[in-house]
Structures are given as C-alpha cells and as structure tokens.
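Subject: Structure handover

Hello,

Here is the structure I promised to pass on. Please open it beside this email and follow along.

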Amino acid sequence: MAIQVKLTPALEKFAEDCVAEGRFGDVNQVVEASLRLLQQQELKRQAFLQSLKDAEDEANRGDVFTLEE
C-alpha cells in the first residue's frame with residue numbers, strides 16, 4: 001500500500017538532511033522511524049493512563065493507606 005505524505009518545508013529538509021548524513025537510506029525510512037517512535041510514545045501514554053485508572057479504582061475500593069498508617 002502506497003501512502004503519500006506531505007511535509008512542511010522544515011520537516012522535509014530535516015528528513016532529507018537525515019538521508020544526506022547517511023543515517024537513513026531514504027525519506028521513507030525517516031518517516032517509518034518517526035512513526036515507530038510515535039507508536040512507542042503512544043503505548044507508554046496508554047500504559048500511564050491505565051496505571052492512573054488502576055490507582056483510582058484501588059482508591060475507590062478503599063485499598064489505600066495514609067502516610068500515617
């Protein structure tokens with residue numbers, strides 16, 4: 001499946017510079033790496049939100065201790 005992506009001039013230059021420096025073989029690889037990082041960040045965000053929900057559920061059940069306890 002081919003997807004076309006439009007980048008701002010600044011992002012396009014950044015991607016091209018990454019290729020020119022030899023860090024990536026082409027702009028597609030730069031975009032793929034960027035999406036992988038975004039995916040990792042999203043997984044961490046979801047895990048954090050789940051931990052907040054778990055803590056709230058625990059508190060609502062009364063499964064908490066005060067500092068004094």
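Is Leu7 buried, partly exposed or exposed? Leu7 counts as partly exposed, because its relative accessibility is 32%. The classes work like this: buried means under 20% relative accessible area, exposed means over 50%, and partly exposed lies in between, with a 1.4 Å probe and protein chains only as cover.

Two notes on the source. This is a predicted model, so local features need pLDDT of at least 70 and side-chain atom pairs count only at pLDDT 80 or more, while totals for chains, interfaces and linings use all residues. Residues are numbered from 1 along each chain as its sequence is written, and side-chain values use heavy atoms, leaving out hydrogens and water.

**Overall form**

The protein has 2 helices and 0 strands. Both terms refer to DSSP runs, numbered from the N terminus: helices are H or I with at least four residues, strands are E with at least two.

The radius of gyration of the protein is 21 Å. A compact globule of 69 residues would have a value near 11 Å. That radius is taken over C-alpha atoms, and the globule rule is 2.2 Å times the number of residues to the power 0.38. Along the principal axes, the C-alpha atoms fill a box of roughly 60 × 30 × 20 Å.

How much of the protein counts as buried? The share is 6% of the 69 residues. The protein exposes about 6400 Å², and carbon and sulfur atoms supply 57% of that area. Accessible areas come from the Shrake-Rupley method with a 1.4 Å probe; for residues, only the protein chains shown count as cover.

**The segment before α1**

Leu7 sits in the segment before α1, and that helix covers residues 9-20. Val5 belongs to the segment before α1 too. Val5 is exposed, because its relative accessible area is 52%.

Now look from Val5 to Glu58. These two are 53 residues apart in sequence. In space, their C-alpha atoms are 44 Å apart.

**Helix α1**

Helix α1 has 12 residues. From first C-alpha to last, α1 reaches 16 Å, close to the 16 Å expected at 1.5 Å a residue. The expected span is 1.5 Å times one less than the number of residues. Gly22 follows α1 and has a positive phi, near 85°.

Which residue forms a salt bridge with Lys13? Asp17 does, with the closest N and O atoms 2.7 Å apart. A salt bridge here is a side-chain nitrogen of Lys or Arg within 4 Å of a carboxyl oxygen of Asp or Glu. The count by this rule is 4. Lys13 and Asp17 both lie in α1, 4 residues apart, about one turn of the helix. Lys13 is partly exposed, because its relative accessibility is 49%. Asp17 is partly exposed as well, at 30%.

**Helix α2**

Helix α2 has 34 residues and reaches 49 Å from first C-alpha to last. The expected span is 50 Å, so the two values are close.

At the start of α2, a side-chain oxygen of Asp26 comes to within 3.1 Å of the backbone nitrogen of Asn28.

- Glu42 pairs with Arg45, the closest N and O atoms being 2.7 Å apart. The two are 3 residues apart in α2 (residues 27-60), so about one helical turn separates them. Glu42 is partly exposed at 29% relative accessibility, and Arg45 is partly exposed at 43%.
- Lys53 pairs with Asp57, the closest N and O atoms being 2.8 Å apart. Both lie in α2, 4 residues apart, about one turn of the helix. Lys53 is partly exposed at 42%, and Asp57 is partly exposed at 25%.

**After α2**

Just after α2, Gly62 takes a positive phi of about 85°. Asp63 lies in the segment after α2. Asp63 is partly exposed, because its relative accessible area is 39%. Asp63 and Gln41 are 22 residues apart along the chain, and 30 Å separates their C-alpha atoms.

Best wishes

Note on methods: A polar contact is a pair of N or O atoms within 3.5 Å; within protein, one must be able to donate a hydrogen and the other to accept it, and residues adjacent in sequence count only if both atoms are side-chain atoms.
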